[in-house]
Amino acid sequence: MAIKGTEIVKRLPEGGKKNCKECGLPTCFAFAMKLAAGGIVIEKCPYISPEVSRELEDELAPPIRPVTIGTGAGALVVGDETVLYRHEKTFVHQPGIGVLIADDEPGEVVEGKIRKLRELHFSWVGKTLKADLLALQYKSGDPAKYGALVKKALTAVDCPLMLICEDTDALLNAHALCAGRKPVLYPVTAQNLEKVISAVKQNPAVVAVKGAGVESLAHLTNRLTEASIEDVLLDPGSKDLQSAVRDQTLIRRAALKQGFRALGYPTVAFPCFMAADKRREMLLAAMFIPKYAAFIVLSDIDEHTLLPLLVQRMNIYTDPRIPMAMEEKVYPINNPDAGSPVLITTNWALTYFIVASEVEASKVPAWLCVKESGGLGVLTAWAAGKFSGDNIAPFIRKCGVEGMVNHRRLVIPGKVARIRNELSEALPDWQIIVGPGDANEIPAYLPALVKSWKG
Amino acid sequence: MQYKAPLETYTGRVKEVTIGSGRKAVRVGGQNILPLHYFEGAAANRCVVALEVDDNGAAGWAGHVAGPYKDVVHDPLKWAKRCMEMGADLVCLHLEGTDPQGANKPAAEAAALVKEVTGGLDVPLVVYGCGDDKKDIEVLTAVAEACKGENLLIGPAVKENYEAIARAVAENGHCIIAQTPIDINLEKELNVKLLKQLPPERIVIDPLSSALGYGMEYSFTIMERSRQVGVVYGDMAMQMPIIADLGRECWKTNQARADAEQGMLWESITAISLLLAGADILVLRHPDNCRLLKEAIEGKL
């Protein structure tokens, strides 16, 4: 739906033929193309009329608005997505995972959840995975109690906060406590909309509107646009998986394919309120990750349920145009020692995972050298000149494996048997052994290899 | 600007494949909507869930996933019946024991076993060979002949052996699994070749399923693209139903083996991801996940 440079140029001064160069570019056409690509701001054109400028600004705005939740180091940006399917380009801002705390929960449960949010960090392929937000729910009926919980959270964490409160006065009191933290206010409906607008005018917050169905959201967001409030999240109020897939799909399509501004905001999802038990809740959350939610609230987190969800989020939000790569180094498998075999492969994460899991299955302790090869598999890396004798040799010298083992025998992938001679020349003190052509042969191959050395 | 629901309808339709014969036949595919888009049209058949059985006594299965079957793992027929009782729409028998690098059981023995299992079951059977492309010709041909007319779903047929397996499948009235290594071009190429030997209503695509964290996103995107090409763009060579044989991949991971609850989620999250991408048959190991995914398929979760 994005407006094209060729459309913009016609609306520039003198129909795009002024070519004054004052913007720093040689022609109006060049300016228009750069504007369409987001490489320059409209104010650089000194002669554009305010009306056209406003129109273009509106049309050039991202179809799904980026929304920043929270402030400072813990702030989270969501939205600004441009595709329905990750293969069309990529999903850019992974959804925030939130943990729900209700103000009627016992103190130790509250403490426990805050501690888990702070401490549950996982390391995965060189990245740190963690949950990102705290959602505070008013349930006690006592605004003072809710206020106390909000105050506690404000000092305990620097991550963004979401205030979930059906009582407008209690919500706005809590909001006032969060000055400078830009929390999410939820639920905002036709009933409390005007009060929320005046509060947010004084004290910035993200407005999470709740409707009954997709269409009802547009009335609320149109009013917010009138009030110049653009930090908005949408909750269509989906009741189950089927309606959630429908609502999320319709919102994303309306924004991207119809250019329907009133739905051009990120969405928020509440598996914590939808599911009957923890497994169903996690499965709903896992549905919301590929299906467009920008903020997903869970009733609780623990080590073993959070990790799979965070890995899924990382997988789905990985840029499909860039292969996932492993860090170049020597990976020990099955507790190897100085006599264990040394194998080498490329650094495409899939290649590594497959080889590593087969070596593991062989139960033979081994050193797996993973060489930087642009995230390519063995054959493609070889074809691209990134996995050959003249670059493997220096890697073997510097990666440290020579200090880890007391032998000089290196197993190379069978698929690149042809590099054996060049590698032998480059590493004259090493014996180069051609291993299996397929990783699934490793569990049979490795024990036999080790046995042959001993015999 | 007035809101008008952006509903879409498509001319392409997934081919309807029938697995099993007589009263135990199960149909998959047939829909002209994207996965779980029940708001845009009725699905002729909803996705189905199979539970996995092997001929190797569940060797290598972590205790927490083998648990529900632990008294029957050495009797594939009893094991398959257990799966059926636990709600599986289909049973998926992996002939691990025929692997030349493992127990190397002869083809005739495998064929006799498949015949026994399918004869004793009220749900259709999916049969996977061990994945050794030469041995699979021998084993799957024997299976196809021994179970003539049972309309099994048999595979994997890969580019090295598809001709022989497709011949055995065509001559004996079964369906075939066309397997390619996470590559949409190779997938289409194999489909085109198989279409010379079999009608599209007898082919199911297996683009390979990787586990969460181990390349799941590649399987996800290949399945999503396959379904788009078939349904949205109407490419006849890409309209076959998709099988996601994911249970074994998930339970192989350290993360699933290390902790029972984590393992459950490793399998169910991989499954729902691939379901949303376009899988029509999910092959799982844990019966609780079978029930859960059936709820998800109904949209009732």
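This is a predicted model: local features need pLDDT of at least 70, side-chain atom pairs count only at pLDDT 80 or more; totals for chains, interfaces and linings use all residues.
Visitor: Which strands stand at the edges of the open sheet of five strands in chain A?

Guide: The order of this open sheet is β13-β15-β14-β16-β17 in chain A, and the pairing is mixed. A strand at the edge has a single partner strand, so one side of it is left without a neighbour in the sheet, and this holds for β13 (329-333) and β17 (431-434) of chain A.

Visitor: Which residue in β15(A) stands opposite Lys329(A)?

Guide: Strand β13(A) and strand β15 (residues 366-371) of chain A pair in the antiparallel sense, and five bridges join them. Within β15(A), the residue that stands opposite Lys329(A) is Val370(A).

Visitor: Is α12(A) roughly parallel or roughly antiparallel to α13(A)?

Guide: Two packed helices are described by the angle between their axes and the distance between the axes. For helix α12 (residues 278-288) and helix α13 (residues 303-316) of chain A, the axes come within 10 Å and cross at roughly 10°. Because angles under 35 degrees count as roughly parallel, α12(A) and α13(A) are roughly parallel.

Visitor: How many residues of the contact of α12(A) with α13(A) are nonpolar?

Guide: From α12(A), the residues Lys278(A), Met282(A), Ala285(A) and Ala286(A) meet Thr305(A), Leu309(A) and Gln312(A) of α13(A). Of the residues in this contact, two are polar and one is charged, while the number of nonpolar ones is four.

Visitor: How far apart are the axes of α8(A) and α9(A)?

Guide: Helix α8 (residues 193-202) and helix α9 (residues 214-226) of chain A meet through Leu193(A), Glu194(A) and Ile197(A) on the α8(A) side, and through Leu220(A), Arg223(A) and Leu224(A) on the α9(A) side. The crossing of α8(A) and α9(A) is right-handed. These two helices pack at an angle of about 35°, and their axes are apart by 11 Å.

Visitor: In β6(B), which residue is the bridge partner of Tyr128(B)?

Guide: Chain B has an open sheet of eight strands in the order β8-β7-β6-β5-β4-β3-β10-β9, with parallel pairing. Within that sheet, strand β5 (residues 125-128) and strand β6 (residues 153-157) of chain B run parallel and are joined by three bridges. The bridge partner of Tyr128(B) in β6(B) is Gly155(B).

Definitions and conventions. Residues are numbered from 1 along each chain as its sequence is written. Chains are lettered from A and ligands numbered from 1 in the order in which they are written. Side-chain values use heavy atoms; hydrogens and water are left out. Two strands pair if DSSP finds at least two bridges between them. Helices (H or I, at least four residues) and strands (E, at least two) are DSSP runs, numbered from the N terminus. Axes are lines fitted to C-alpha atoms, for helices over the stretch in contact, and angles run from 0 to 180 degrees between N-to-C directions. A crossing is left-handed if the near helix is turned anticlockwise from the far one by less than a right angle, and right-handed if clockwise. Contact means heavy atoms within 4.5 Å. Angles under 35 degrees count as roughly parallel, over 145 as roughly antiparallel, 65 to 115 as roughly perpendicular and the rest as oblique. Ala, Val, Leu, Ile, Met, Phe, Trp, Tyr, Cys and Pro count as nonpolar, Asp, Glu, Lys and Arg as charged, and the others, Gly among them, as polar.
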